[in-house]
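Colleague: I am new to this structure and would like to know what stands behind the words used for it. May I go through them with you one by one?

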Amino acid sequence: MSQMKHIDSAPSTPGKFKMEKSPYSRISLGGAAGFVGTHVSSALKRRGDGVLGLDNFNDYYDTSLKRARQALLDRTGVYIVEGDINDVVLLKKLFDIVPFTHVMHLAAQAGVRYAMENPSSYVHSNIAGLVSVLEVCKNANPQPAIVWASSSSVYGLNTKVPFSERDRTDQPASLYAATKKAGEEIAHTYNHIYGLSLTGLRFFTVYGPWGRPDMAYFFFTKDILKGKSIPIFEAANHGTVARDFTYIDDIVKGCLGALDTAEKSTGSGGKKKGPAQLRVYNLGNTSPVPVSDLVSILERLLKVKAKRLVMKLPRNGDVQFTHANISLAQKELGYKPSTDLQTGLKKFVRWYLSYYADGKKSPQ
């Protein structure tokens, strides 16, 4: 199928800086069949890095979409091992076979609202899973540098905008946010004790082709086309709910920039030999857009009027707004987002209509 031959205008440029051996590093990528993982894997492979993916293909959302991404990566030359990051025996085997220079850890249980239904899956993936990865990395010789996905959700109930990496992150509004905050504290611990080089990336509402069906822009598109009403949340006193929507290509550039500036871990075989790099960056677009404006853009692109159902923002972990200060990532990673919401959604809608064309696939 034509829409699976390439990832819609995925970036081929690395970040601002290059590693000594880049491109041609050996990178292990967890969550490789996920939305961000697929795009990052593809970009790394295209520029010449060796990539081995890992994914457990869980059924949090339609697994056929994950399998389609896997087929896409297969054609790109990226192989995905099917397994769980909590399977330490499997992780050790992979490290025995390949001396990874870098680990890109994107595997996680995503979604703010689902945490109220299945809290244990978040602890299993986002806390225990991260510890499993770090345990294997700390015992490896040489230890790899690690870049991993945190989240803008860690800012929780903060009201100062835009959100800066220096802001407090001790007021999570959801269990998902709490597990990502815990991950940042765990990263600090492994850096401090074992000399692991660790970079956390706080993603802000990532969207684009091959995206996650549980995200608003995705299911809004599906429901608008089906003539179903869509919920538009508003805060207290008719307050606007807005998100710092960040296009996938920009996120990929930030991920590659983080990999390319990651310093080597300083430990070996579980013993620290000196202080190691510990960083955290916001990867956002810096232009929050009201969700009602997102719907208006989709209406124009789909040429269908949405049936809007205005509702109060529920107390389920959603926050009223997100807004990234990206000056640190700009300075240190050469990160510069360049895709506005109109342009990004146009690319998404083109992919969506192609992927679900002729009723061959039914969006779940």
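Predicted model: local features only at pLDDT ≥ 70, side-chain atom pairs only at ≥ 80, totals over all residues.

Colleague: Where is the kink in α4 centred?

Modeller: The kink is centred on Gly129 and amounts to about 30°. Gly129 is also among the buried residues of α4, which include Ser121, Tyr122, Leu130 and Val133.

Colleague: What covers the buried residues of α4?

Modeller: The cover includes α3 (88–97), β4 (102–105), β5 (145–149), α5 and β6 (198–203).

Colleague: Thr199 is in strand β6. Why is Thr199 called buried?

Modeller: Buried means under 20% relative accessible area. Thr199 has 0% relative accessibility, so Thr199 counts as buried. Leaving out residues up to four places away in sequence, Thr199 touches Ile146, Val147, Trp148, Ala258, Gln277, Arg279 and Tyr281.

Colleague: How much of the protein chain is buried?

Modeller: Buried residues make up 59% of its 364 residues. The chain has 10 helices and 14 strands.

Colleague: Now the charged pairs. Why is the contact of Asp49 with Arg47 called a salt bridge?

Modeller: The rule asks for a side-chain nitrogen of Lys or Arg within 4 Å of a carboxyl oxygen of Asp or Glu. In the pair of Asp49 and Arg47 the closest N and O atoms are 2.6 Å apart, so the pair meets the rule. Arg47 also forms a salt bridge with Asp260, at 2.7 Å from N to O. Arg47, Asp49 and Asp260 are linked in a network of salt bridges.

Colleague: How do you know whether Asp260 and Arg47 are buried or exposed?

Modeller: The cut-off for buried is under 20%. Asp260 has a relative accessible area of 3%, so Asp260 is buried. Arg47 has 11% relative accessibility and therefore counts as buried. Asp49 is buried as well.

Colleague: Which residue forms a salt bridge with Lys181?

Modeller: The partner is Glu185, and the closest N and O atoms are 2.7 Å apart. Both lie in helix α5 (residues 175–194), 4 residues apart, about one turn of the helix.

Colleague: Why do Lys181 and Glu185 get separate labels for accessibility?

Modeller: Buried means under 20%, exposed means over 50%, and partly exposed lies in between. Lys181 has 18% relative accessibility, so Lys181 counts as buried. Glu185 has a relative accessible area of 41%, so Glu185 is partly exposed. By the salt-bridge rule the count comes to 10 salt bridges.

Colleague: Next, the sheet with the order β9-β8-β14. What makes β9 and β14 its edge strands?

Modeller: This is an open sheet of 3 strands with mixed pairing. Strands β9 (239–240) and β14 (307–312) each pair on one side only.

Colleague: How do you know that β8 and β14 pair?

Modeller: Pairing needs at least two bridges. Strand β8 (residues 229–235) and β14 have 6 bridges, in the parallel sense, so they pair. The bridge partner of Ile232 in β14 is Val310. Helix α8 (residues 291–302) lies across β8 and β14, running at about 170° to β14.

Technical notes
Residues numbered from 1 in each chain as written. Heavy atoms only, no water. Buried < 20%, exposed > 50% of the residue type's maximum accessible area, 1.4 Å probe, protein only. Helix = DSSP H or I, 4+ residues; strand = E, 2+ residues; numbered from the N terminus. Bend = angle between axes of the 7 residues up to and from the residue. Contact = heavy atoms within 4.5 Å. Axes fitted to C-alpha atoms, helices over the stretch in contact; angles between N-to-C directions.
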